[in-house]
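User: I am new to this structure and would be grateful for a close look at its aromatic rings. Please describe how they are placed and what surrounds them, in one connected account.

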Amino acid sequence: MTILKKIFIYPIKGLSGENIDEILLEKDQVLSGDREYAFARSHVSFDDSNPVYLKKTNFLALVKEDKLAKLSTKFISKSKRLIIKVEKKIVLDKTLDDESSVNKVEVFFQKFLNLGDNNKPKLVQGRKNENTKNLKHSFSDLPEKAISIINLNTIIDLEKKIGKKIDPSRFRANLLIDNIDPWKEFDWVGKKIKIGESVLKVFKRTQRCAATNVNPENAVRDINIPNEINSYFGHLDLGVYAKVIKTGIISVNDELYLN
């Protein structure tokens, strides 16, 4: 039986993920707190009062800024406290509750990434509904309110093909699943799956980009993941996207059923 092994949210796009044991999936929403914040490039206009989907190239992300992988970050959403470590040493600890603190964080990334004097990024936040915790907007790689799913055995199969270890965190997925044959998740496209109290509908495969080339342990582009997938399987896909169609709590070790 297919098992949910891990749940991740990524509070700030491009930075470290948070491993959690349980979460409420809400209909037609992303995971609560996932990609709620992002660092927009200096030239990008983002209207908080009227947020619209923008491609990931408009934000700091591993697809271009591989050096981000050198940072170990923790974001405490309730207090808006951001802690950044480099080689286990704290280099920044700020609570993002005023303009001055936010500016210091933006300047940190400007300098750390050598973006130049006139290219200070801007921290932006997805807006929330007035009466709920649902995000109206998240800085996802696609416009749909989706949850990404990775089959750990698919990664293992790719590892065997290329003869190299692949850290699952390269793929920055929300849900990691196990006890299912490699690549079998592709058969779920167009189907419903039940996890815990929630039901999701898988709607597309996940096409991989250069962000996955970055080794999360050392920030080196050491494997061309899209090229390797294409060489062995004739496509660029690994993982699937799903939409929540029934609200409910999911937990690590829940079984997954085709519904």
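Analyst: A residue is called buried when its relative accessible area is under 20% and exposed when that area is over 50%, while partly exposed covers the values in between. By this rule Phe203 is partly exposed, because its relative accessible area is 24%. The structure is a predicted model, and every value given here is computed from it.

A search of the whole structure finds 10 aromatic pairs. One of them joins Trp183 and Phe233: the ring centres are 4.4 Å apart and the planes stand at 50°, so the pair is tilted. Trp183 belongs to the loop between β10 (175–178) and β11 (192–195), whereas Phe233 belongs to helix α3 (residues 225–233); the pair therefore ties together parts that are 50 residues apart in sequence. Trp183 counts as buried at 14% relative accessibility, but Phe233, with a relative accessible area of 25%, is partly exposed.

A further pair brings us back to Phe203. Its ring and that of Tyr241 have their centres 6.3 Å apart, with the planes at 25°, so this pair is stacked. Phe203 lies in strand β12 (residues 198–207) and Tyr241 in strand β13 (residues 237–246), so parts 38 residues apart in sequence are tied together by the pair. Tyr241 is buried, its relative accessible area being 13%. Strand β12 spans residues 198–207, and Arg205 lies over the face of another aromatic residue, Phe186, at 4.0 Å from the ring centre.

Rings may also form a group. Phe39, Phe108, Phe109 and Phe112 are linked by ring pairs into a cluster.

Strands β5, β6 and β7 make an open sheet of three strands in the order β5-β6-β7, with antiparallel pairing. β5 (71–76) and β7 (89–95) stand at the edges with a single partner strand each, so each has one side left without a neighbour in the sheet. From one strand to the next the twist averages 15°. Six bridges join β5 to strand β6 (residues 81–86) in the antiparallel sense, and the bridge partner of Ser72 in β6 is Lys85. Helix α1 (residues 99–112) packs on this sheet and touches β5, β6 and β7; the direction of α1 makes about 145° with that of β7.

Two loops belonging to this region deserve mention. Most residues other than glycine have a negative phi. Lys88, although not a glycine, has a positive phi of about 70°; this residue lies in the loop between β6 and β7 and is exposed, with a relative accessible area of 82%. Asn114, also a residue other than glycine, has a positive phi near 55°. Asn114 is placed in the loop between α1 and β8 (122–125) and counts as exposed at 62% relative accessibility.

Conventions. Residues are numbered from 1 along each chain as its sequence is written. This is a predicted model: local features need pLDDT of at least 70, side-chain atom pairs count only at pLDDT 80 or more; totals for chains, interfaces and linings use all residues. Side-chain values use heavy atoms; hydrogens and water are left out. Rings of Phe, Tyr and Trp (its six-membered ring) pair if their centres lie within 6.5 Å; planes under 30 degrees apart count as stacked, over 60 as edge-to-face and the rest as tilted. Helices (H or I, at least four residues) and strands (E, at least two) are DSSP runs, numbered from the N terminus. Buried means under 20% relative accessible area, exposed over 50%, partly exposed in between (1.4 Å probe, protein chains only). A charge sits over a ring if NZ of Lys or CZ of Arg is within 6 Å of the ring centre and within 35 degrees of the ring normal. Two strands pair if DSSP finds at least two bridges between them. Axes are lines fitted to C-alpha atoms, for helices over the stretch in contact, and angles run from 0 to 180 degrees between N-to-C directions. Contact means heavy atoms within 4.5 Å.
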